[in-house]
Amino acid sequence: LEATRGPAKLLDAREPYRKELNLEMLNLATQSEAIHEILYAMMSGQAATWLKGFVDEKAWEKLDPFGLVKPDPIQQRRQRQKLRMDFELAAGGRHLAAPAWVRADMQFDFAQVLRDLRHVGGAALEQCLGQETCGDADVIYRMLEGGHGFGPDSFPSDLASFCEPSVAFWYALWLRGLCQGRHDLVIKGLQHALGVLDFKPLRAKHPWDKEANFFPAMEAMGLEELCAKVLEEMRDIYGEIRETLVPEGGGDPDSEALARHLMASAPGFVVGMNSATLIFEDADGLSEAFNVLKASFGGILQVWNAFHKKVPVAEAGRRLKVWVPVKTDRYGPLLAEVTLMLADDYWENCWHRMPLAYFRGGLDRHTTPTRPSKDALEQYTKVKFQLNPALIPESKSKDVASDVDEETQRKMRELQERKAREEERLRQEEIKRKREELERKLKEASADFDPDQCEVRETPSGGNMIIRPPVEVLPKTKRCEALQMKKLEQFNKKKAEKEAAKQEEASG
């Protein structure tokens, strides 16, 4: 046992080059961020202006922006109201209902829980777990084990005071099985709703399909990711409970019952288990798709707009996320998270995701890389692209000249002459451009005048000099503008009379 208790420290497989890899990843992330900002600055037009100010001038995220969701008493108990999977439309109709055993005050039957899970996830719960199982005993073991942070030894003890970890885990399994089993129905429903667009949504065959514009997720959100989001949601709810309902010293029974009900509903607050991305060439197409989804069944129930001009700089590209209900079967409509992006942002984001995942620790097993500072990156870049002095050839003595040296010197002289000629040409072009720009500005700034009012004087050299009539320069006020307009009208009137007189003289 002493010999096999394992290493004292888990080794980092990338330790020999970890520092350089961190800097290269930061360099890639910085480049992608700069490209995203350039693309954002290039957006123009009416649709782009709308995107940069939606939902309103100050908010870029809003629940139920069009008043389509029925008021939810559980949702209204949250400090920050959030959409739930078991929402109800204000117009009525079928809606998703969580199993009865989810409620904190229900005495559940384990056999009934297993039947409900098998109804949505298959006999072996493969749709719920996302992997195959080996018979009934393995299914029951996995249910009782409560993996991904919901096990007896891993679930946070403070959260357990307001919920049963196993029930929350089973509710997450039920939602995952429900969404995974109906994933294709949701994607087809989205394609049907978007079919009225001028361009048809073409489903991608693989993530790098350049010919496609509709990129649905391959499957519903994985169980591990779902459990992580549920635990995060439960943490938020626990904080709200301690602030408003049940303080640390304890509260009344009704408040504690409400707190348990909120905590038991935590998995339902994780939306976007079925997702898809739609890309467009410009903001006009994105705006058209938004209006189509708004007019579809159920409309748009929640928006998150990273195109907004006041949103913090988006790490993963500008996008507009909307959550829409999609009809499936007797269970009721399921929420789909639809991401609307511009094509250039989407393809750049394919590269941007790698450094973001790297610094989150998603590409390492036992460590989370440290993000270097911008100063460290700048110093690294200078050193990286500095020419190694050992590679610079030593100059030979002038006394020991060879044919090769003479040829090299001749080529260098020709190169310097070409460079000097090119610089002189560019300098002359710049002077010409500035002169033409100055002449254009002077011409635009000069007032119109009657050639008859010009005075012609003879110069000492024998030439003629034309002197224009004096121009009155007035300050830019409303009174001066009125005077200028009056003078302009008189000038135009006089000019028209002269032209009419010339035409009469020519015709007479």
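A residue is called buried when its relative accessible area is under 20%, exposed when over 50%, and partly exposed in between (1.4 Å probe, protein chains only). By that rule Arg 176 is buried, because its relative accessibility is 2%.

This is a predicted model: local features need pLDDT of at least 70, side-chain atom pairs count only at pLDDT 80 or more, and totals for chains, interfaces and linings use all residues. Residues are numbered from 1 along each chain as its sequence is written, and side-chain values use heavy atoms, without hydrogens and water.

The pLDDT is the predictor's confidence in each residue, from 0 to 100. Its mean here is 85, and 90% of the residues reach 70 or more. Over residues 397-404 the pLDDT is below 50. Where pLDDT is low, the predicted coordinates should not be read in detail.

Now look inside. A nonpolar core is a set of buried Ala, Val, Leu, Ile, Met, Phe, Trp, Tyr and Cys residues joined through side-chain atoms within 4.5 Å. The largest one has 92 residues. Helix α8 (residues 165-181) gives the most to this core, with 11 residues. Helices here are DSSP runs (H or I, at least four residues) and strands likewise (E, at least two), numbered from the N terminus.

Arg 176 also sits in helix α8. What does Arg 176 form with Glu 219? The two form a salt bridge, with the closest N and O atoms 3.7 Å apart. The term means a side-chain nitrogen of Lys or Arg within 4 Å of a carboxyl oxygen of Asp or Glu. Glu 219 is partly exposed, at 42%. The structure holds 25 salt bridges.

Methods. Contact means heavy atoms within 4.5 Å.
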